[in-house]
Amino acid sequence: MNEYVDNEARKAKLVGKTVTMAHGAGGHQTSELIDMIFKAHFDNPDLTADDAAVLTPPIGKMAVSTDGFIVSPAFYPGGNIGKLSICGTVNDLSCMGAKPLYLTCAFVIEEGFPMEKLEEIAEAMEKTAKEAGVRIVSGDTKVAGKGQVDGVFITTTGIGEITDGVEVAGNLAKPGDAIIVTGDIGRHGCTILLAREDFGIDADVTSDCAPLWGNVKAVMDATHELHVIRDATRGGVGTVLYEIAGQSQVGIRLDASKIPVAPEVRGVCGMLGLEPLYLACEGRLVIMAPKEQAQTIVDALKVCPYSQDAAIIGEVTEEQPGKVVMLTEIGTQALLPQPGGELLPRIC
Amino acid sequence: MNEYVDNEARKAKLVGKTVTMAHGAGGHQTSELIDMIFKAHFDNPDLTADDAAVLTPPIGKMAVSTDGFIVSPAFYPGGNIGKLSICGTVNDLSCMGAKPLYLTCAFVIEEGFPMEKLEEIAEAMEKTAKEAGVRIVSGDTKVAGKGQVDGVFITTTGIGEITDGVEVAGNLAKPGDAIIVTGDIGRHGCTILLAREDFGIDADVTSDCAPLWGNVKAVMDATHELHVIRDATRGGVGTVLYEIAGQSQVGIRLDASKIPVAPEVRGVCGMLGLEPLYLACEGRLVIMAPKEQAQTIVDALKVCPYSQDAAIIGEVTEEQPGKVVMLTEIGTQALLPQPGGELLPRIC
Amino acid sequence: MCVGLSAKVVRISDGTAVVDAGGAKRSVSSELLEDLEPGDYVMVHAGIAIAKITDEDDSETDQLMEELL
Amino acid sequence: MCVGLSAKVVRISDGTAVVDAGGAKRSVSSELLEDLEPGDYVMVHAGIAIAKITDEDDSETDQLMEELL
Amino acid sequence: MSEGKKTAREIIEGYDGPAVRIMEVCGTHTHEIFRLGIRKLLPKQVELISGPGCPVCVTPVSYIDEAVYLALEKSVTICTFGDLVRVPGSKKSLADARSEGGKIHIVYSPADAEKYAKEHSEEEVVFLSVGFETTTPAGCLSVKKAKEEGITNYSMLIANKTMPQAYEALKGSADIFLYPGHVNAITGTKLCEELVQEGVSGVVAGFTAKELLTALAVALTHFQKGKPFFVNCYPRVVTEEGSKEAQRLVDTLMEACDSEWRGLGIIPGSGLRLRDEWGMYDARKKYQVPKMEGRANPACRCGDVLQGKCKPSDCKVFGKVCTPQHPVGACMVSGEGACSAYYMYGRE
Amino acid sequence: MSEGKKTAREIIEGYDGPAVRIMEVCGTHTHEIFRLGIRKLLPKQVELISGPGCPVCVTPVSYIDEAVYLALEKSVTICTFGDLVRVPGSKKSLADARSEGGKIHIVYSPADAEKYAKEHSEEEVVFLSVGFETTTPAGCLSVKKAKEEGITNYSMLIANKTMPQAYEALKGSADIFLYPGHVNAITGTKLCEELVQEGVSGVVAGFTAKELLTALAVALTHFQKGKPFFVNCYPRVVTEEGSKEAQRLVDTLMEACDSEWRGLGIIPGSGLRLRDEWGMYDARKKYQVPKMEGRANPACRCGDVLQGKCKPSDCKVFGKVCTPQHPVGACMVSGEGACSAYYMYGRE
Ligand code: SF4
Ligand code: SF4
Ligand SMILES: [Mg+2]
Ligand SMILES: [Mg+2]
Ligand SMILES: [Mg+2]
Ligand SMILES: [Mg+2]
Ligand SMILES: [Mg+2]
Ligand SMILES: [Mg+2]
Ligand SMILES: [Mg+2]
Ligand SMILES: [Mg+2]
Ligand SMILES: [Mg+2]
Ligand SMILES: [Mg+2]
């Protein structure tokens, strides 16, 4: 109750305030900003105010991953850059079969950025980190001059503990593996595109952004026979599949009709001449595992949040190593074009 | 020899090229950029192309630190943002008495940034990481649209192994401790100020930016009786001393005449009405240890690169906890003003 | 040469139609088409409805095939 | 009210003097001072040399004290 | 779906008539034919040629140079379909111009460009008007609207083209034209019917798998009968008359002119320009754009490819120097370009 | 150093004459007196009052409002000494304006502002001309240069002030004035000598520790003799005549006007403005800056502080609401301001 009152008081102090160069100068006001927002949300026994956090290392092997987040706009249907920055790194760790333990976050904030927005971002980070079971242990705040950065950038780095007996990697796909996606694809990329560009398109699409350690754990609990787990972020499922095909030197055959795509996403893609397979997801995994395990995995996923729509969308083949082939609606097979370059809406 | 030829060929390919949005789209060209520049410099057995690096965890306690680097300009006398981004995190780990083991780096690059500049940055990172004995294990590259970011930002996160038996922290300063700085102060801040702003001042000042694990190790080898080690970065020595005085609830007394400042830095500060104690250093430590150890520590530092000018500049006292007092040139004692806010040159 | 999308008209107001494709809505020019009504299907290209579509799917090809054989 | 810095003149060219303070050099206006020569000491404020200094340090105060006592 | 249409597919796969060259004039047809792997269904003696129906592919180098000039020299905001962003000019693409600070704004429609101009009265806005009969009306509507609203900072850089002259020019290149359904939606079918008198056969095709297969089946069946023919296989969209409104609109604002087609040279009367009374919306006049010499890469055989004189793989630089990531010619840029399609779908 | 001057210090510490109020007029004196801890040397009956000699402290709220108006409403580039950036206006400081996108450029000298204007002919540049006799010539030189070079995008927002009128106004506030050496370097000593006739005593003081102590010793020794006096204790810089060139320069370009001093109100004839023939360099005229009402925070007692009527710590908001980080009045902004000095050096 008392905490509630304090929290309200804290929030009230943020109203109308903005981040200033002084908040980035390393003195009193830097501490003030950290206390007012970051400590209020991230506090835990491992969080340090010192130069570095002192932590108990993971047992066995340790997974480490870093990602910078520069999403524009920073707020969009289904999330914000704060949530994204936690999910991105939690998911990268999860994809190595690693339980996320610790997270660091470094903020670069534009002078004039509203404190209330920063509060929203930190709130989302707190919530998402909690859900993922990961502790924020160290942070950094830099303030960039007006125009030197657009809004706010966040870089997170995660440390995870690799569960014994599970070895997954992009080069371990085997012919005969089934290919599973954990839900409908392209929602994050579609959401951002609509939020950023002024295409005048109105569609009820929200980002799929979600922390997926729970899903990976469920799959690993169901079977240890797993070859590849990958989150289909930048470049979407299509890019990830080409990467894996290359790393593992296998062919990949997708059944176009099995790939889950929300009708709205399909509609937007139709208008803008885009292919959903190349739109980023931030809450979808691509999993490759022996065909025999496929249904077990899908069943395990279907009972987890964020993966009720898991589906088997294709298989790994020996033919055409390095390539991704689509089984089309007329029963032919055609190469999926290699992704490349910036995603540009087109009219022809 | 052959590698030399290849490296020349690689570099030749970068001439006149710039980073494009396509390099950030996550497909083929992203890999190309990573291979052409980052892998060429950072390659080592622990560096991953996967979502996360898989590493052997440190023994005992682990130190983790992150920092974002947004220095403008990115190139300045004595270094560049690449060198800085390694030094900053290596030094933060070192300040915890932790030997730096692993480093991740996340780049945010502005569309149009010259490849040759990126090459120079990566080259400096390679060289500095090697010197510090740390391995770059994972990276990330994002490309921001023109104007969305100014040049290049780098966030590094480091993992270190804490040597048994050493415990240093900002709250461990004790009355009677001697205060040591490892060299002349304010050079980095002064260099950046002159490089960034057009004050028309011409001074032969170079950044002090340096990786200091070797110096910390030398000190720890000389004595385990250490209380505080801190790198005097943002806000300079003055800010760091106030922080420690607050965290340890002690007073600090400095002898103004003992503080090493290069004459050029003093000259620049004279012109711009600035106090060298508030100018950032990127290669200077503040060390607090029992008075009896002070000379041993200084002697150990004087034989290391980057700390030949180490000096005892004051002592920790019981009086005026939380405050920093200066012994002035007329033998009086006066409070050092509390640092705060942006560093602004002044005429009055 | 022209990405065309068949979409359903959901609203009309002078010269403008709001069309819907799978839930993605956008307002497009309907100046080239007369007598458009909500429920009609149109072919949309670059922000204008270029043609009214008589069948909402490609089933008319069945008839073409019948004629052919 | 005015941060003043005593600096040594190292170069002169019409209306402008390059002054040196501990190795930090900057060109300042010397329009307010006549007959400036390299080696002279000047008081610099906001980019102009406002006065020539007869003594380069504050030792003249010794004399003042002597007179006083 | 495929079962229902076995008959069309059977006709195609079972075709045992004389050798026949079918030119799909439309880039979207090219794209769909590749996506669906339809070429694999064709007997040897049926050859599909990808014609000049991709506005990007036929856009001359000089046009890009003009746009780059406006962006960089005149500091104009360029509004464009995404398709044009990566097309190489003599020295720079629009993506290059953007990375040098040029303002390139991607729009879904000319109407959006006009709206952008209205909302950014402090900027000079130029829409890159390319395309055939289907696209031209949208550009004309935007100019009409600008006039109605008194918008003076909006104009178009026009490279619109008309198809009939191209059919004439390419008469000898194919036995059957697969006419672009959306062009015919505007122009109607009369012209195509008239071409039958000149011995030119063709079918109007829609864009779904079923429509494409049906059109091909119809074309091959008729071809075997030995007489020139025309069939509208897309009657749900295409009428005999086409869109009178669109024809009237374009005729009010524009008049025919000679026009350069990349690779094909100048085709008399195949272009459009704004009539004199609409001259203030003509960016070339408004900004006195100098005549550009437009040097295409001499290795590029786009022109021959467009005329069916050679296959993309016959071009020396195809797939080596010229890739979708680093396109040399326009046919490699557009997803509809024959070279791009050949490359992406892995056809040699 | 301190040993050599024991005599001056002894005189000060041993002073046993009547109670005496000494006003250090100059902000730099205030700053140095605090930095050196000189107040601690003074016997009880010697009171040091910090007068109105900090240009920032006496700058009225309305002046900042005018500058903010120019930056935000007229999109002018403001060139300013760093000192003014954080001074609160009625609603916004220049730092606030900058964080809202206003262009605020910090310069070392007015000459640099003029140079900036010359090199950025596409911008309108306004220099914020504040300061007393010492600083005014630099502004005049910049205007003269702009005229010579035909620069038309440069002008000044003028709030320059002259000291003699202030001495008159403050006559009753102190027994002895510590005259600001650098003002006297321009004005000479005649005026101060004349004030002796009116019973006003004073010494011209330099800025080193030795010079300050000497000046105080001289002042106290003379004061004990009971007669009004004047001594130039800074003869190495200050002559009787001052700088004729500077006086002539200012007189050529400027004329006296009434001027508002923050806290003191309007002092007739204490301000300067450009003469009519230089009106094109007067930003108020050039941009028709409307009259600003300038509401200072009613709690602020800056005016009383400047007149020695109260100590900073007598102000209700001192150190609570009003801190150097969040200054309420101008005296808390400048490092020279009495409130700031009291706060930073911890005097109550
Ligand atoms: S492969 Fe490239 S260069 Fe060759 S014809 Fe095609 S577009 Fe032109
Ligand atoms: S403490 Fe602040 S509000 Fe009070 S007089 Fe000083 S500047 Fe004004
Ligand atoms: Mg990562
Ligand atoms: Mg943003
Ligand atoms: Mg990632
Ligand atoms: Mg990933
Ligand atoms: Mg930090
Ligand atoms: Mg750190
Ligand atoms: Mg930079
Ligand atoms: Mg740090
Ligand atoms: Mg540190
Ligand atoms: Mg990454």
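Is Lys11(B) buried, partly exposed or exposed, and what is its relative accessible area? I started my notes here, keeping in mind that this is a predicted model. Lys11(B) comes out partly exposed, at a relative accessible area of 28%.

**Entry: the Lys11(B) salt bridge**

I looked up the partner next. The side chain of Lys11(B) forms a salt bridge with that of Glu123(B), 3.5 Å from N to O. This pair ties distant parts of the chain together, with Lys11(B) in helix H1 (residues 2-14) of chain B and Glu123(B) in helix H4 (residues 115-132) of chain B, 112 residues apart. Glu123(B) is partly exposed as well, with a relative accessible area of 33%.

I stayed on helix H4 of chain B, where Lys117(B) and Glu120(B) sit 3 residues apart, about one turn of the helix. Their closest N and O atoms are 3.8 Å apart, and I have them down as a salt bridge. Lys117(B) is partly exposed at 33% relative accessible area. Glu120(B) is also partly exposed, at 36% relative accessibility.

**Entry: a buried pair in chain E**

Then I went over to chain E. The side chains of Glu211(E) and Arg236(E) make a salt bridge at 2.7 Å, N to O. Glu211(E) belongs to helix H10 (residues 209-225) of chain E, while Arg236(E) is in the loop between strand E9 (230-232) and helix H11 (244-253), 25 residues away. Both Glu211(E) and Arg236(E) are buried. For the whole structure, over all chains, my search turned up 92 salt bridges.

**Entry: where chain A meets chain B**

How many residues does each of chain B and chain A put into the contact? I get 66 from chain B and 66 from chain A. The area buried between the two is about 5,200 Å², and carbon and sulfur atoms give 56% of it.

I counted 8 salt bridges between chain B and chain A. On the chain B side that touches chain A, the residues split into 28 nonpolar, 25 polar and 13 charged. I also noted 28 residue pairs in polar contact between these chains, both residues at pLDDT 80 or more.

One of the salt bridges between chain B and chain A joins the side chains of Arg230(B) and Asp50(A), at 3.1 Å from N to O. Asp50(A), Asp51(A), Arg230(B) and Glu243(B) are linked into one network by salt bridges that share partners.

Strands cross over between the chains too: strand E2 (residues 62-69) of chain A runs antiparallel to strand E1 (residues 53-55) of chain B, with 3 bridges between them. In this pairing, Val64(A) has Ala53(B) as its bridge partner in E1(B).

Most peptide bonds are trans, and most residues other than glycine have a negative phi. I went looking for exceptions.

- Ser72(A) and Pro73(A) are joined by a cis peptide bond, omega about 5 degrees; Pro73(A) lies in the loop between E2 and strand E3 (75-76) of chain A.
- Ser72(B) to Pro73(B) is cis, with omega near 5 degrees, and Pro73(B) is in the loop between strands E2 (62-69) and E3 (75-76) of chain B.
- Gln249(B) is not a glycine but has a positive phi of about 50 degrees; I found it in the loop between helix H7 (236-248) and strand E11 (251-255) of chain B.
- Asp35(C) has a positive phi near 55 degrees, lies in the loop between strands E3 (24-29) and E4 (41-45) of chain C, and is exposed at 63% relative accessibility.

Methods. Residues numbered from 1 in each chain as written. Chains lettered and ligands numbered in written order. Predicted model: local features only at pLDDT ≥ 70, side-chain atom pairs only at ≥ 80, totals over all residues. Heavy atoms only, no water. Contact = heavy atoms within 4.5 Å. Buried area = accessible area lost by both parts, 1.4 Å probe. Salt bridge = Lys/Arg side-chain N within 4 Å of Asp/Glu carboxyl O. Polar contact = N/O pair within 3.5 Å; in protein donor to acceptor, adjacent residues only side chain to side chain. Nonpolar A, V, L, I, M, F, W, Y, C, P; charged D, E, K, R; others polar. Pairing = 2+ DSSP bridges. Helix = DSSP H or I, 4+ residues; strand = E, 2+ residues; numbered from the N terminus. Buried < 20%, exposed > 50% of the residue type's maximum accessible area, 1.4 Å probe, protein only.
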